[in-house]
Amino acid sequence: PSVDYIMDWKQQGISAADLQAKVFTALRWIIDGLLPEGACLLAGKPKSKKSWLALAVAVAVAMTGKALSYYDVLGGDVLYLDLESNQRRMKSRLNALIGSSRWPNNLHIFTEWPRGHEGIAMLDAWMTTHPSTVLIVIDILQNFRPIRDPKGNPYDQDYEAVKMINEFAEKHRIAILIIHHTRKAKADDVFDEISGTTGLSGGVASMWVLGRSPDNS
């Protein structure tokens, strides 16, 4: 049987003249000039301190401090999905970052969370009960994305895995920092070092790559 798709195309587009007159709210920056609303891929080699960087950002946002001791932040609730670690290691890291000061009760840490669309549905429920959330950290993408279909198209699967996260972030006007790996091979363009297909970079709003400076510091 044939399927008829009925769409009023007039409702789907906009003229350039109408777009010129349309007023959008300003982009929200969770870290001033560095992390806008939407999904941001944070990639680096294993043991390159990606999680330390993400946690330092999470603490700065939760405590309305300075990210990287320099950048202004939009303070608010933070959800940290620590999906390849445990509470013992997280406590050790927070101890190193915050010390004996009072730890924030608006930084929420989960070591288990559903994957894929079920995970997004849980995040939707989270935003309903915690509407002051401005930052979510997914540590690590591999433990949040749907299980790969070995027969599927790798680009499409990468793109869809992060696109659903980016759409969720933009809908709620929050930032989601997604931690991921880089390849071993160096590239002329540092963003080409991100592991996986270009579907990952195509599906997010922004990207960070954590690497060593030329003097190896």
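**Helices, sheet and surface**

Student: When α2 passes α3, is the crossing left-handed or right-handed?
Tutor: Helices (H or I, at least four residues) and strands (E, at least two) are DSSP runs, numbered from the N terminus. A crossing is left-handed if the near helix is turned anticlockwise from the far one by less than a right angle, and right-handed if clockwise. Where α2 passes α3, the crossing is right-handed.

Student: What kind of model is this?
Tutor: Residues are numbered from 1 along each chain as its sequence is written, and side-chain values use heavy atoms, with hydrogens and water left out. Local features need pLDDT of at least 70, side-chain atom pairs count only at pLDDT 80 or more, and totals for chains, interfaces and linings use all residues, since this is a predicted model.

Student: At what angle do α2 and α3 pack?
Tutor: Axes are lines fitted to C-alpha atoms, for helices over the stretch in contact, and angles run from 0 to 180 degrees between N-to-C directions. The axes of α2 and α3 (residues 87-98) lie 11 Å apart, at an angle of about 60°. Under 35 degrees is roughly parallel, over 145 roughly antiparallel, 65 to 115 roughly perpendicular and the rest oblique. So α2 is to α3 oblique, at about 60°.

Student: Which residues of α3 does α2 meet?
Tutor: Contact means heavy atoms within 4.5 Å. From α2 come S51, W52, L55, A56 and V59. Their counterparts in α3 are M90, R93, L94, A96, L97 and I98.

Student: Which strands stand at the edges of the sheet?
Tutor: Two strands pair if DSSP finds at least two bridges between them. The open sheet of six strands pairs in parallel, in the order β7-β6-β8-β9-β3-β10. Two of these strands have a single partner each, so one side of each lacks a neighbour in the sheet. They are β7 (107-110) and β10 (206-210).

Student: What is the average twist from one strand to the next?
Tutor: The strand order is β7-β6-β8-β9-β3-β10. From each strand to the next, the twist averages 15°.

Student: Over how many bridges do β3 and β9 pair?
Tutor: β9 (residues 175-181) pairs with β8 (residues 133-139) over four bridges. There, I136 has I176 as its bridge partner. β3 and β9 pair in the parallel sense, and the bridges number seven.

Student: How many of the seven residues of β9 are buried?
Tutor: Buried means under 20% relative accessible area, exposed over 50%, partly exposed in between (1.4 Å probe, protein chains only). β9 is largely enclosed by the rest of the structure, because its buried residues number six.

Student: At roughly what angle do α4 and α5 cross?
Tutor: α4 (residues 116-129) and α5 (residues 154-172) have axes that come within 10 Å. The two helices are therefore roughly parallel. Their crossing is right-handed, at roughly 15°.

Student: What separates the C-alpha atoms of A121 and F168?
Tutor: A121 is found in α4. A121 is partly exposed, with a relative accessible area of 46%. F168 is one of the α5 residues that meet α4. A121 and F168 are 47 residues apart along the chain, and their C-alpha atoms are separated by 9.6 Å.

Student: What share of the residues in the protein chain is buried?
Tutor: The chain has six helices and 10 strands. Of its 217 residues, the buried share is 39%.
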